[in-house]
Amino acid sequence: MNTSGQIRHDWTLEEIRTIMDQPFNDLMFQAQSVHRQHFNPNEVQTSTLVNIKSGGCAEDCSYCSQSARNQTEIEKEQMMEVQEVIEQALVAKERGATRLCMGAAWRNPNKKDFPRVLEMVKVVKALGLETCLTLGMLNNEQVQQLKEAGLDYYNHNLDTSEAFYPKIITTRNYQDRLDTIDKVQQAGINVCSGGIIGMGEQHKDRAELLRTFATMRMHPNSVPINLLVPIEGTPLAHMKGKTDSFEFIRVIATARIVMPQTYVRLSAGRTTLTDEAQALCFMAGANSIFYGDRLLTTDNPESDHDLQLFTKLGIQMQQNRKAEMATRKMAEQVTELTA
Ligand code: SAM
Ligand code: DTB
Ligand code: SF4
């Protein structure tokens, strides 16, 4: 067993499957050993989601409540006002989140709405939070404008293996996703890209998805691993309770081993995992979560419950050093003004 935690970009599918299929205790030991070489094992990063543009999306992603093709309860809404984002950002910051991840139900951003997105990035940054956006596909000009606005992370998931992808989405292809990720990476914006477990894909598709990430020229800075949230009115609504939690934990542990410096995020689907299963995810090397009572259109565990779980496990929430600096600077300015 290799516990060196060395960074590699030449993983083969066979190697990844061998890691993922070893006895559970060996897998957990290897993942935890690698994790401790690069991270504080008792610290978790927290991101809060805000749905800045809900519903009516032109894409046909079979898992999603926001696709116009799916008969769900989610209505098409106008894009959120900047002021509302500020209010949600302040709540997230108050609760201790370090990053705000703003999502839009778009195939790609349009010309009319994009300036407001840039404005959102600037104001959220000014509040001392890290910024993340997920807006669908981007062109080079948009990537450049996001970079100039100071965007920290861009989320664009590959979701599953290239072979299984057409069974889930037909309105875009895998290469479209890879191209956007490449543009974002080239511009020097941190990439957040992950997948969904439990859509009917096979074990080998999960290994193949991890191979795709682990053989990128630069591993994504963060890899969200979502457990499918089966939503009424979507083609995957019937997939309820179909995924074994040990299989999910195996994917997290394997992601940790093949991408030792990446933040592995325990993402959607936490409401269906027990506290014990989540603790195993942290032991497997997950060191980030979506934090806050809502994901985009579905529930997430209540923040208070997460805080209790962290206390039981002795886990600290990662501090936002930039936010601390900004607060200290502000306090200094106030002192100067009142002196
Ligand atoms: N429209 C943009 C896009 O698709 O890139 C951004 C928003 S989209 C909702 C972001 C990601 O959320 C998807 O790529 C998918 O991985 C995840 N997601 C959406 N619905 C989900 C569900 N029901 N269960 C788990 N993950 C889901
Ligand atoms: C990611 O990987 N998961 C988040 C975020 N990136 C944008 C979204 C999860 C959505 C879960 C279903 C919903 O709430 O609509
Ligand atoms: Fe649209 Fe994103 Fe939902 Fe796909 S996942 S339907 S692109 S909002």
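How many nonpolar, polar and charged residues are in the lining of the second largest pocket? That lining has 7 nonpolar, 8 polar and 4 charged residues. Here Ala, Val, Leu, Ile, Met, Phe, Trp, Tyr, Cys and Pro count as nonpolar, Asp, Glu, Lys and Arg as charged, and the others, Gly among them, as polar.

The model is predicted, and local features need pLDDT of at least 70, side-chain atom pairs count only at pLDDT 80 or more, while totals for chains, interfaces and linings use all residues. Residues are numbered from 1 along each chain as its sequence is written, chains are lettered from A and ligands numbered from 1 in the order in which they are written, and side-chain values use heavy atoms, with hydrogens and water left out.

## Pockets

A pocket is an open set of points on a 1 Å grid over the protein atoms alone, where a 1.4 Å probe fits, with protein on both sides within 12 Å along at least five of seven lines; a cavity is a set of points from which the probe cannot get out, and lining residues have an atom within 4 Å of a point. Grid points are joined across faces, edges and corners, and a volume is the space filled by probe spheres set on the points.

The second largest pocket holds about 300 Å³ of space. Of its 19 lining residues, Leu227, Leu228, Pro230, Gly241 and Thr272 lie nearest its centre.

The largest pocket has a volume of about 380 Å³. Its lining consists of 21 residues, and nearest the centre are Leu49, Val50, Gln88, Arg294 and Leu295. Strand S1 (43-53) and helix H3 (82-95) are the elements that give two or more residues to this lining. Helices (H or I, at least four residues) and strands (E, at least two) are DSSP runs, numbered from the N terminus. By class, the lining of the largest pocket has 9 nonpolar, 6 polar and 6 charged residues.

## Ligands

Ligand 1 is surrounded by 16 residues, of which Thr134, Asn157, Asp159, Arg177 and Val229 are the closest; a residue counts as near if one of its heavy atoms lies within 4 Å. Its shell divides into 10 nonpolar, 4 polar and 2 charged residues.

Around ligand 2 there are 13 residues, the closest being Asn157, Asn226, Leu296, Thr297 and Thr298. This shell has 6 nonpolar, 7 polar and no charged residues.

The table lists polar contacts of these two ligands (pairs of N or O atoms within 3.5 Å).

| Ligand atom | Protein atom | Distance |
|---|---|---|
| Ligand 1, nitrogen | Trp106, backbone N or O | 3.2 Å |
| Ligand 1, oxygen | Asn157, polar side-chain atom | 2.9 Å |
| Ligand 1, nitrogen | Val229, polar backbone atom | 3.0 Å |
| Ligand 2, oxygen | Asn226, polar side-chain atom | 2.9 Å |
| Ligand 2, oxygen | Thr297, side-chain N or O | 2.6 Å |
| Ligand 2, oxygen | Thr298, polar side-chain atom | 2.8 Å |

The protein covers 88% of the 410 Å² of accessible area that ligand 2 has on its own. For ligand 1, it covers 90% of 550 Å². Accessible areas come from the Shrake-Rupley method with a 1.4 Å probe.

Ligand 3 is surrounded by Cys57, Glu59, Cys61, Tyr63, Cys64, Ser67, Ala105, Trp106 and Arg172. The residues of this shell divide into 6 nonpolar, 1 polar and 2 charged.

Where do the ligands sit? Ligand 1 sits in the largest cavity. The largest cavity also holds ligand 2 and ligand 3. A molecule sits in a cavity if more than half of its atoms lie within 2 Å of its grid points.

Note on methods
Polar contact = N/O pair within 3.5 Å; in protein donor to acceptor, adjacent residues only side chain to side chain.
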